[in-house]
Amino acid sequence: MTLSQILDLIGVGVFAVSGALAAGRKSLDLMGVVVIAIAASIGGGTLRDLLLNRHPVFWIASPSYLIVIVVCALLTVAWTRWFRPPNQSLQYADALGLAFFTISGAQIAETLNFAPIIVIVMGTITGVVGGVLRDILCAEIPMILRRGNIYATAAIAGAAFYLAMNVVGLPRPLPSLLGMSMIAGLRLAAIRWNLQLPVFSLDRDNPPR
Amino acid sequence: MTLSQILDLIGVGVFAVSGALAAGRKSLDLMGVVVIAIAASIGGGTLRDLLLNRHPVFWIASPSYLIVIVVCALLTVAWTRWFRPPNQSLQYADALGLAFFTISGAQIAETLNFAPIIVIVMGTITGVVGGVLRDILCAEIPMILRRGNIYATAAIAGAAFYLAMNVVGLPRPLPSLLGMSMIAGLRLAAIRWNLQLPVFSLDRDNPPR
Amino acid sequence: MTLSQILDLIGVGVFAVSGALAAGRKSLDLMGVVVIAIAASIGGGTLRDLLLNRHPVFWIASPSYLIVIVVCALLTVAWTRWFRPPNQSLQYADALGLAFFTISGAQIAETLNFAPIIVIVMGTITGVVGGVLRDILCAEIPMILRRGNIYATAAIAGAAFYLAMNVVGLPRPLPSLLGMSMIAGLRLAAIRWNLQLPVFSLDRDNPPR
């Protein structure tokens, strides 16, 4: 198993939890929970594989990913019967999935010798698309677009840092670990202290400053 | 013409009708009707072909699919001028499209010797994605997520049954016919008697039981 | 650089402006502006390349597209601080992007010797998908579906006209220029004089005529 496969596996698991929690907030039935969990978990990596023309797509090559997703989604349903999850558990699971998938995507693009900007964009796409799908299917504004949520910013910064640490020559898997810590750290700090980027507004009642 | 091509052709026709009916409910113009009909009809099979790396994609290989879609969409517009369709005709057309496309997708994945879980997932994706696209474009909650609508469940059960009948060794095309009957039957029964799966709720005012 | 690459480059730039303006209306932060600009700019061409199995996808092959997008998006943020854009600038940028991308998509499909209907559909998909993505991400009804907006109609008419002028034997790049002028012209005329196609309505309170 390669490092990017291990990252994909953990990413898939935590995104499955995030999908099940999002479905629970919308009071979907059990199949809806599984559908949202699958969409959240495989969305980013699938788009990455299609864009990079890597076939078979990761979950078609190793169907065990699907089993992991279904098990994680059903376990989430089960444990929330006894233990009410804190309000922000969805955001925490999402932050971890973002970290694992972004670095997995960046790493795959880097191995294929793409330009640095493509490595960063591919990492970001792999990291954010599953969550966007999850939120669109749940009819929520995607987290990536909610104001004052350092989200794509965290993915881009982490992927760039990962790349820089690789260029510097840090031994593997240190760059991956540092990149993931940076993404999860930035994201959690943004949730905790409500950090935000400047806003661009063309709204009539809120003219640009 | 192979069996899966015939299933695709019928599936495309009934999904075109479902798309036109959905567009009519939103009072779109004629081009909107055609756009929604095309998205509903080719969405599932297109994603199936991209995921399985089958090129050219089915409707690019045989452009007659597109003509069938446009004709079915315009005929739907024409006949609803004289005959007001019953309220549930959209759901009926959708149920038939789900049945045809799910089995077509499962069959193609099976012919390519994928693992059973991939055959089932690929059938389900082929069956449900067109309807999800149609509903998102119409700004409706996708049928697949509406509570108490045995939807993905019907597709999964039918694809699994199709697969089991094939393993058992039933002569073709019996497994396909049985699988499709099961999907359409389950779906129509769910609409008729309002069958539903247990709900998973993390909603504050509706705590998990 | 081929003609279709030049069209892609200009299309990418104007769609980036349209994406930034759409994000500004929703008061997103700077990263949200960049994300929406990228989705609007690369959505159509990416789907075209995936459907036609052209790898690497255009912006992966030439990462400079991404730099153009980011620069155009940030310049849009900058100049709207001093100069308030007219209300319809989003629609104007969108009309130009539609024109450039539709002809670029049609041209690529034509070069690959696809049937005329596929050339037209591929042009239309290339032209409209970026805008649809932009509007879905901004939680707006996609322009393509808003009633009384000659939109897909303009793309289809322009792609067909481009094709006819090629068959007639007009020297290049005249067919491309005429096709693009037709699309932008139809679209701007529709905005200016509020042209519309007949509406298909199954709405209870608004029976079909």
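Q: Which residues does A:Arg134 touch, not counting residues up to four places away in sequence?
A: Contact means heavy atoms within 4.5 Å. In this predicted model, A:Arg134 touches A:Phe15, A:Ser18, A:Gly19, A:Ala22, A:Ile36, A:Ala40, A:Leu90, A:Asp94 and A:Met143, leaving out residues up to four places away in sequence. A:Arg134 sits in helix α6 (residues 116-137) of chain A. Helices (H or I, at least four residues) and strands (E, at least two) are DSSP runs, numbered from the N terminus.

Q: What are the ground rules for numbering and for the values?
A: Residues are numbered from 1 along each chain as its sequence is written, and chains are lettered from A and ligands numbered from 1 in the order in which they are written. The model is predicted, so local features need pLDDT of at least 70, side-chain atom pairs count only at pLDDT 80 or more, and totals for chains, interfaces and linings use all residues, while side-chain values use heavy atoms, with hydrogens and water left out.

Q: Is A:Arg134 buried or exposed?
A: Buried means under 20% relative accessible area, exposed over 50%, and partly exposed in between (1.4 Å probe, protein chains only). A:Arg134 has 0% relative accessibility, so it counts as buried.

Q: With which side chain does the side chain of A:Arg134 make a polar contact?
A: A polar contact is a pair of N or O atoms within 3.5 Å; within protein, one must be able to donate a hydrogen and the other to accept it, and residues adjacent in sequence count only if both atoms are side-chain atoms. Here the partner is the side chain of A:Asp135, at 3.0 Å. A:Arg134 and A:Ala37 are 97 residues apart along the chain, yet their C-alpha atoms are separated by 7.7 Å.

Q: Where does C:Gln5 lie?
A: C:Gln5 is in helix α1 (residues 3-25) of chain C. Its relative accessibility is 31%, so C:Gln5 counts as partly exposed. A polar atom of its side chain lies 2.9 Å from the backbone nitrogen of C:Thr2. C:Gln5 and C:Ile108 are 103 residues apart in sequence and 9.9 Å apart in space, C-alpha to C-alpha.

Q: How many residues of α5(C) are buried?
A: 20 of its 23 residues are buried, so α5(C) is largely enclosed by the rest of the structure. Helix α5 (residues 89-111) of chain C reaches 33 Å from its first C-alpha to its last, close to the 33 Å expected at 1.5 Å a residue. The expected span is 1.5 Å times one less than the number of residues. After α5(C) comes C:Asn113, with a positive phi near 65°.

Q: How many aromatic pairs does the structure hold?
A: A pair of aromatic rings is described by the distance of the centres and the angle of the planes. Rings of Phe, Tyr and Trp (its six-membered ring) pair if their centres lie within 6.5 Å; planes under 30 degrees apart count as stacked, over 60 as edge-to-face and the rest as tilted. The structure holds 8 such pairs over all chains. B:Phe58 and B:Tyr65 are edge-to-face, 5.0 Å centre to centre with 75° between the planes. Both B:Phe58 and B:Tyr65 are buried. B:Trp79 and B:Phe83 have ring centres 6.0 Å apart and planes at 40°, so that pair is tilted.
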